[in-house]
Amino acid sequence: MMSEAAELLVVERVLPDDGSASLGTAWDLHMMCNIGGRERRADHYARLFADAGLTLLGRSPLALDGTVLHARRA
């Protein structure tokens, strides 16, 4: 259970909204073959967070197509 003041940071390879090439696609294929992973864009993560009572506050780019997703309790 998260406290009221807690924030969540998720490091992930988020797929580009425009469908452009991304290292995330190859990584997701690897994850799907090995553990049943899924491809997700930022809007998909926002829905997952909302279902868990969280709000996606923002996202920051990292090297190698990585992204930090910043969420907080809604």
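**Exercise 1. Classify Arg 59 by its accessibility, then describe its salt bridge.**

Step 1. Arg 59 has a relative accessibility of 44%, so it counts as partly exposed. The classes are buried (under 20% relative accessible area), exposed (over 50%) and partly exposed (in between), found with a 1.4 Å probe on protein chains only. The model is a predicted one, where local features need pLDDT of at least 70, side-chain atom pairs count only at pLDDT 80 or more, and totals for chains, interfaces and linings use all residues. Residues are numbered from 1 along each chain as its sequence is written, and side-chain values use heavy atoms, with hydrogens and water left out.

Step 2. The side chain of Arg 59 forms a salt bridge with that of Asp 17, at 3.6 Å from N to O. A salt bridge here is a side-chain nitrogen of Lys or Arg within 4 Å of a carboxyl oxygen of Asp or Glu.

Step 3. Arg 59 lies in strand E2 and Asp 17 in the loop between E1 and H1, so the pair ties together parts that are 42 residues apart in sequence. Helices (H or I, at least four residues) and strands (E, at least two) are DSSP runs, numbered from the N terminus.

Step 4. Asp 17 is exposed, with a relative accessible area of 52%.

**Exercise 2. Identify the buried residues of helix H2 and what they pack against.**

Step 1. H2 spans residues 42–51, and its buried residues are Ala 42, Tyr 45 and Phe 49.

Step 2. Seen down the axis of H2, these residues fall within an arc of 60°, so they line one face of the helix. The arc is taken over the directions from the helix axis to the C-beta atoms.

Step 3. The buried residues of H2 pack against strands E1 (7–12), E2 (54–61) and E3 (67–73).

Step 4. Ala 42 touches Val 14, Asp 17, Leu 56 and Arg 59, leaving aside residues up to four places away in sequence. Contact means heavy atoms within 4.5 Å.

Step 5. The largest nonpolar core has 7 residues, among them Ala 42, Tyr 45 and Phe 49. Such a core is a set of buried Ala, Val, Leu, Ile, Met, Phe, Trp, Tyr and Cys residues joined through side-chain atoms within 4.5 Å. H2 gives the most to this core, with 3 residues.

**Exercise 3. Locate Ser 22 and list its contacts.**

Step 1. Ser 22 sits in the loop between E1 and helix H1 (23–35).

Step 2. Its relative accessible area is 15%, so Ser 22 is buried.

Step 3. Ser 22 touches Leu 15, Pro 16 and Asp 65, not counting residues up to four places away in sequence.
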